[in-house]
Amino acid sequence: MIQLSIDTCNSLCAVALSRWQNDRLQLLAQDTRDLGRGHAEVLIGQIARLLADSGLRAADLQRIAVTTGPGSFTGQRVGLAAARVLSASLNIEAVGVGVLDALVRQAAGKNPSARTFCAICDARRDAAYVKAVDRDGAVRIEASLIQISDLTARIDALPHPLCLIGSGVSLIEAATELAQSPGRQCLDTAFPDIATIAELGHTMNAADNPARPLYLRGADAKPQSAKHVLRPVATAHHEVSL
């Protein structure tokens with residue numbers, strides 16, 4: 001089964017082609033670019049080139065894995081829209097992979113001796129997206145938006161030894177002391193790599209993990225000001241909306 005994996009949730013625009021063989025990931029090709037923004041202008045061409053360079057066609061794809069968030073609202077929509085279009089046009093399933101889940105998986109691979117793995121992504125505005133899972137798979141902190149002022153206490157309460165990963169680790173109060181404290185390791189990994197996303201995509205059930213956006217914060221869009229709201233205006237003959 002050849003799978004296309006897509007990640008556009010943060011500054012990275014990453015795609016990969018892979019297959020699952022003998023219970024292991026076989027990465028066929030990958031391309032990761034740190035764009036910051038502008039994923040929509042790059043993604044489709046990036047996928048087309050990866051297929052062409054691998055001697056494959058879109059019709060050869062049998063599954064799609066796509067990150068669902070949390071992350072940039074625009075980035076989430078770009079990747080998910082591409083995955084849905086390809087899924088529908090090729091009649092193949094698409095599975096959603098959480099960014100925090102991929103980071104947790106990556107942390108577990110790098111530090112298997114830790115008791116708890118905690119993914120922390122910078123959510124800006126003095127907050128972070130956080131998820132913590134212990135080595136037995138029990139969720140200690142559900143994927144959530146947590147204020148930085150509350151985060152240190154939440155982390156202190158997790159079972160140790162503890163492994164922290166993600167772009168938000170440096171935001172924690174006294175991050176330097178935290179990295180150097182006994183029983184805690186801070187990994188220098190901001191975002192999950194596309195190989196980890198591909199691995200999860202192959203092993204997750206699409207029915208239980210649909211390709212839908214994970215929003216942990218409301219949209220930034222603000223309501224229109226009163227002067228721009230449509231309203232009826234009386235005229236000499238009838239009412240019209242401006």
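This is a predicted model: local features need pLDDT of at least 70, side-chain atom pairs count only at pLDDT 80 or more; totals for chains, interfaces and linings use all residues.

Q: Okay, let's start with strand β7. How many of its residues are buried?
A: For β7, which covers residues 127-134, it's 8 of the 8, so the strand is largely enclosed by the rest of the structure.

Q: And which residues sit on each side of it?
A: A127, Y129, K131 and V133 are on one side, while A128, V130, A132 and D134 are on the other. Both faces are covered, and all of these residues are buried.

Q: Which way does β6 run next to β7, parallel or antiparallel?
A: Antiparallel: strand β6 (residues 116-124) is joined to β7 by 8 bridges. If you want a pair to look for, F117 has V133 in β7 as its bridge partner.

Q: What's in the turn there?
A: The two strands make a hairpin with 2 residues between them. One to click on is R125 in that turn, with a positive phi of about 55°.

Q: How many bridges link β7 to β8?
A: There are 6, and β7 and β8 (residues 139-147) also pair in the antiparallel sense. Here A128 stands opposite I146 in β8.

Q: And that hairpin, how many residues lie between the strands?
A: This one has 4, and G137 has a positive phi near 95°.

Q: New topic: the largest nonpolar core. Which residues have the most contacts inside it?
A: L4, I6, L43 and I47, out of 24 residues in that core. β1 (2-7), β2 (12-21), α1 (39-53), β4 (63-69) and α2 (73-90) each supply at least two of the core's residues.

Q: Let me pick I6. What is it in contact with?
A: Leaving aside neighbours within four places in sequence, the contacts of I6 include A14, V15, L43, I47, I64, V66, A83 and I194. There's also a second, separate core of 17 residues, with C9, V99, V133 and L187 among them.

Q: You mentioned I194, so what about α6? Which of its residues are buried?
A: I194, T196, I197, A198, L200, G201 and H202. That's 7 of the 10 residues in α6 (residues 194-203), so call the helix mostly covered.

Q: What covers them?
A: The cover includes β1, β2, β3 (24-34), β4, β5 (93-98) and α3 (99-110).

Q: Last one: which residue caps the N-terminal end of α6?
A: D193 does, with a side-chain oxygen 3.2 Å from the backbone nitrogen of A195.

Terms used. Residues are numbered from 1 along each chain as its sequence is written. Side-chain values use heavy atoms; hydrogens and water are left out. Buried means under 20% relative accessible area, exposed over 50%, partly exposed in between (1.4 Å probe, protein chains only). Two strands pair if DSSP finds at least two bridges between them. A nonpolar core is a set of buried Ala, Val, Leu, Ile, Met, Phe, Trp, Tyr and Cys residues joined through side-chain atoms within 4.5 Å. Contact means heavy atoms within 4.5 Å. A polar contact is a pair of N or O atoms within 3.5 Å; within protein, one must be able to donate a hydrogen and the other to accept it, and residues adjacent in sequence count only if both atoms are side-chain atoms.
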